[in-house]
Every structure is written in C-alpha cells, then in structure tokens.
Amino acid sequence: SLLEADLRQALAAGGLALHYQPQMQGGGLHGVEALLRWQHPTLGAIAPERLTRTADECGLRAELTRWVVGEACRQMADWRARGVAVPRVSVNLQGADLHEPELMQWLTQPLGAHGLQTADLAVEIAEDVLCSSDPVVLNSAHALRRHGIALALDSFGTGCCNLGTLHLLPVDELKLDGGFVRDIETSATARALIRAMLHIAHGLGLPLVAEGVETRAQQQFLRAHGCALAQGHLLSPPLSAPALERLLREAGTAA
Ligand code: G
Ligand code: G
Ligand code: MN
C-alpha cells in the first residue's frame with residue numbers, strides 16, 4: 001500500500017517521532033511515557049494505532065519497535081547528559097513484540113550503547129496481553145523483570161485479569177485505564193470500580209498510575225482515595241522532547 005511505502009521511507013529517513021507524557025507523583029516527576037507520532041507529509045498526523053497496524057501488516061513491526069526503543073534510549077541519554085531530570089522512560093510493547101526471541105537484546109543493546117541502566121527503561125504491556133496466559137508472553141515478561149526493566153500493566157481494568165493470580169505476574173505497577181477516569185464525575189459505578197482497583201493495587205503493594213486525568217475533580221477524587229500517581233492532559237499532554245525539557249526547566253525554576 002501507499003502507507004506502507006511511506007512508513008518504510010519514514011523509518012529510513014527519520015520521519016517518525018516520539019512524544020513524551022509526564023507521569024507525576026505529586027509535584028515530582030515519576031517518569032515519562034514515550035508515544036509514537038507520525039506526521040505524514042500529505043495525510044497529516046497518523047494515529048499510532050493505524051501506524052502500528054500498518055507496520056504489523058507489512059512486516060515492519062519489529063523494525064518499528066526497535067526504532068521506538070532506540071529513540072527512547074537515545075533521548076534519555078541526551079537528557080541525562082544535559083542534566084534534565086527524567087527518572088525513567090516507558091515504551092509501549094504489543095503482544096507480538098513479546099514473541100520476538102530477540103526482544104531482550106532489542107532492549108539491552110540500546111541501553112548499553114547509550115550508557116544507560118535497565119532501571120532507566122520501563123515497558124508497558126496491556127492487561128489483555130499480559131493476562132492471556134500465553135506462556136511465551138509470560139516468559140518474556142519474566143525475562144524483562146529479571147534484567148531489571150520495570151513492567152507496567154497498561155489499561156488495567158479492561159483486560160479481565162485473573163485477580164487470584166495478579167500477584168504472581170511479573171508486574172511492577174498498574175496503569176488504571178483512562179476510561180474509568182473519564183467517568184469519575186458522572187458515574188457512581190466508575191467511582192466504585194476505581195476505589196476497588198485502588199484497594200487491589202494497595203493490597204498487592206503495586207503503585208497505580210491513573211491515566212487520562214483531565215479535570216481537577218478527577219484528580220481530587222483520585223487523590224482522596226490514595227492514588228498518588230497521575231498522567232493526563234490536566235498535568236501535561238504528550239510533548240516533544242524540547243517542549244518537555246522547557247516544562248521541566250520552568251517547573252524547576254518555579255520551585
Ligand atoms: O499516543 P496515543 O496518544 O494516541 O496512543 C494511542 C495508542 O497507541 C495507545 O494505545 C498507545 O499505547 C499506542 N502507542 C503509542 N505509541 C506506541 C508505540 O510506540 N508502540 C506501540 N506498540 N503502541 C504505541
Ligand atoms: O494505551 P495507552 O494507555 O498506552 O495510551 C495512552 C493514550 O492516552 C495515548 O493515546 C495518549 O495520547 C492518551 N492520553 C494521554 N492523556 C490523556 C488525557 O488526559 N485524555 C485523553 N482522552 N487521552 C489521553
Ligand atoms: Mn501506555
């Protein structure tokens with residue numbers, strides 16, 4: 001397809017970008033999530049879902065994932081070198097990535113090449129993928145963990161995880177799906193479910209990051225129920241690396 005040819009071109013010629021969304025713990029930065037952005041020369045912004053689907057269909061998924069990890073590491077090392085205090089960068093992986101026999105090398109090679117530690121990188125994997133009881137996925141997840149790469153369970157609450165075995169999964173934190181957060185002000189059900197999910201997270205000793213926080217009321221509800229970590233447009237949209245750096249410098253001088 002045309003999009004396929006353009007994606008090959010973008011991968012080869014630096015047409016892709018990562019934006020970074022802060023994950024805040026109170027006033028402090030917990031980490032940033034790297035989110036893929038593609039500004040197509042004629043079609044404009046291509047949604048990441050469409051981009052990853054296209055990559056899947058035309059055999060470019062591995063190359064795209066490797067680009068994302070490499071670029072996130074390159075950027076992280078650049079921030080480190082210039083004293084920009086970003087504790088950690090997380091990248092989103094798909095189920096198929098966890099089936100790659102070389103996945104561990106895809107992650108550790110750029111980390112090493114840029115002089116980073118495994119603790120500088122985290123991986124987000126959707127609940128439905130991690131809880132699919134696919135032994136290959138589980139093995140890869142355990143391998144990541146053994147290497148010291150933190151694993152976040154993405155879209156928590158949407159993948160029907162077995163709650164009896166959640167504590168056995170190699171997971172370091174939970175990311176509450178933004179759909180629950182969106183309905184905080186309008187749905188008693190959403191509020192009840194969030195309280196229950198926070199109880200589960202606390203009971204298992206897992207930090208929980210609320211995604212998609214857009215309003216003060218949502219933020220206040222989450223805080224009141226013990227949710228210390230938040231990500232969303234209220235705090236900051238995903239930003240280009242220079243824009244994130246400006247934000248952090250302003251926050252630093254304001255403090
Ligand atoms: O970035 P939003 O801003 O639009 O992302 C939409 C969806 O695309 C999310 O589910 C997000 O996890 C996914 N996504 C964003 N960046 C990447 C990426 O680099 N790799 C993969 N596999 N998914 C990504
Ligand atoms: O699937 P995943 O959770 O990785 O994707 C995160 C998605 O949430 C990205 O598409 C990102 O751009 C989007 N996002 C981040 N903050 C907000 C927000 O405050 N509101 C909404 N609606 N989406 C958000
Ligand atoms: Mn994510």
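User: Which residues are around ligand 1?

Analyst: A residue counts as near a molecule if its C-beta atom, placed from the backbone, lies within 6 Å of it. In this predicted model, local features need pLDDT of at least 70, side-chain atom pairs count only at pLDDT 80 or more, and totals for chains, interfaces and linings use all residues. Residues are numbered from 1 along each chain as its sequence is written, while chains are lettered from A and ligands numbered from 1 in the order in which they are written. Around ligand 1 you will find Leu 35, Leu 36, Pro 48, Glu 49, Thr 52, Val 68, Val 91, Asn 92, Gln 94 and Pro 238. Strand S2 (28-40), helix H2 (48-57) and strand S4 (89-93) each give two or more residues to that shell, and H2 gives the most, with three. Helices (H or I, at least four residues) and strands (E, at least two) are DSSP runs, numbered from the N terminus.

User: Thanks! How many residues surround ligand 2, and which are the closest?

Analyst: There are 14, and the closest are Asn 92, Gly 212, Glu 214, Gly 232 and His 233.

User: Is strand S6 buried or exposed?

Analyst: A residue is buried if 20 or more other C-beta atoms lie within 10 Å of its own, exposed if 12 or fewer, and partly exposed in between, with C-beta atoms placed from the backbone. In S6 (residues 150-156), seven of the seven residues are buried, so the strand is largely enclosed by the rest of the structure.

User: Which strands pair with S6?

Analyst: Two strands pair if DSSP finds at least two bridges between them. Strand S5 (residues 121-126) pairs with S6 in the parallel sense over five bridges; there, Ala 122 has Ala 150 of S6 as its bridge partner. Strand S7 (residues 173-176) also runs parallel to S6, joined by three bridges, and Leu 174 in S7 stands opposite Leu 153.

User: Which residues of helix H9 are buried, and where do they lie around its axis?

Analyst: In H9 (residues 216-224), the buried residues are Gln 218, Gln 219, Phe 221 and Leu 222. They fall within an arc of 165° seen down the axis (taken from the directions from the helix axis to the C-beta atoms), so they line one face of the helix. The face turned away from that buried side carries the exposed residues Arg 216, Ala 217, Gln 220 and Ala 224.

User: What comes just after H9?

Analyst: Just after this helix, Gly 226 takes a positive phi of about 85°.
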